Amino acid sequence: MLRIAPSLLSADFADIRAQIQAVQSAGADQLHLDVMDGRFVPNLTWGPKIIGDLRKLSPLPFDCHLMIVEPERYVDAFRKAGADIITFHYEATDHAQRLLAHLRSIGAKAGISLCPQTPVAMLDDIIEDCDLVLIMSVNPGFGGQSFIPRSYEKIRQARALIDARNPGCMLEVDGGIGASNLRDVVAAGADTFVMGSSIFDTQDPGAALEAMRTILAQA
Ligand code: DX5
Ligand code: ZN
C-alpha cells in the first residue's frame with residue numbers, strides 16, 4: 001500500500017480546519033506533524049497542546065515526526081495528545097532501542113528517522129523494533145528544500161533490510177518530494193510519502209494531493 005502523508009508544516013494555520021479538510025477529502029492517508037524544538041533543528045513549531053487541538057479536527061492517523069533532543073522526555077505527552085505514529089531521530093537519543101520498545105508499550109507505532117548523514121546500517125540491530133523507518137531526504141528543519149539524490153540509495157538499502165527482517169514496517173521518505181520525483185521515490189522502494197510544500201504551497205491543496213494520488217496509481 002502506498003500512502004500520502006501531507007505535512008502540515010506548510011499549511012496555513014489561520015485556516016487549519018479547512019486545510020485539513022481539503023487533504024482529508026482528497027484521500028490523505030495520514031497527517032504528518034513536524035515537531036521542532038530549536039535545538040535539534042534550527043526552527044520551532046508546536047507541542048502536545050496543538051496536536052491535541054488538531055486531534056479534534058480529523059480521524060486520520062497522526063504521524064508525529066519529533067525533531068527534538070531527548071525525545072524520551074516527551075513521547076508520553078505526544079501519545080496522550082493523540083499521536084498514533086511517533087517517530088524520533090536516531091541522532092537525538094542515546095538509547096534508540098529502549099525508546100522504540102517504550103513507544104510500542106504505550107500503544108504507539110514506533111518510528112525512527114535518519115538524517116542524511118546517518119547510514120542505514122545504523123538500523124541493523126534495531127529493525128525488528130521499528131514500525132516505521134523515516135529516511136530524511138533533506139536536512140530536517142524546513143519545508144521547501146531540494147531532495148538529496150543520495151537518498152535513493154538509502155531508500156533501496158532500507159527496503160532490502162525491511163523486506164528481509166521486518167516486512168510490515170513502513171518506509172517513509174520526507175523532504176523535497178513532489179510531482180517531478182515521486183515516481184522515482186516509489187521505484188526506490190518507499191511506501192509512505194511526506195509532502196509539505198508540494199501540497200500546501202499551491203492554490204488548491206486538495207487538487208495537489210489528488211494529482212499525487214494519480215501519479216501513485218500509475219507508478
Ligand atoms: C522538514 C520536515 C518535513 C517538511 C517537508 O524537516 O520534516 O516534513 O514539511 O517539507 P517539503 O515537502 O516542502 O520538503
Ligand atoms: Zn517531517
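The points below go from the basis of the model to the ligand and then to the cavity.

1. This is a predicted model, in which local features need pLDDT of at least 70, side-chain atom pairs count only at pLDDT 80 or more, and totals for chains, interfaces and linings use all residues. Residues are numbered from 1 along each chain as its sequence is written, chains are lettered from A and ligands numbered from 1 in the order in which they are written, and side-chain values use heavy atoms, with hydrogens and water left out.

2. Around ligand 1 there are 19 residues, of which Ser7, Gly141, Gly144, Asp174 and Ser197 come nearest (a residue is near if one of its heavy atoms lies within 4 Å). By class, this shell has seven nonpolar, ten polar and two charged residues, with Gly counted as polar and Asp, Glu, Lys and Arg as charged.

3. Oxygen atoms of ligand 1 lie 2.7 Å from a side-chain N or O atom of serine 7, 3.3 Å from a polar side-chain atom of histidine 32, and 2.8 Å from a backbone N or O atom of glycine 176. The protein covers 100% of the 380 Å² of accessible area that ligand 1 has on its own (Shrake-Rupley method, 1.4 Å probe).

4. Ligand 1 takes up the space of the largest cavity (a set of points on a 1 Å grid over the protein atoms alone where a 1.4 Å probe fits but cannot get out, with lining residues having an atom within 4 Å of a point). About 220 Å³ of space lies in this largest cavity, and among its 22 lining residues Phe142, Gly143, Gly144, Asp174 and Gly175 are the closest to its centre.

Methods:
A polar contact is a pair of N or O atoms within 3.5 Å; within protein, one must be able to donate a hydrogen and the other to accept it, and residues adjacent in sequence count only if both atoms are side-chain atoms. On a 1 Å grid over the protein atoms alone, a cavity is a set of points where a 1.4 Å probe fits but cannot get out, and a pocket is an open set with protein on both sides within 12 Å along at least five of seven lines; lining residues have an atom within 4 Å of a point. A molecule sits in a cavity or pocket if more than half of its atoms lie within 2 Å of its grid points. Grid points are joined across faces, edges and corners, and a volume is the space filled by probe spheres set on the points.
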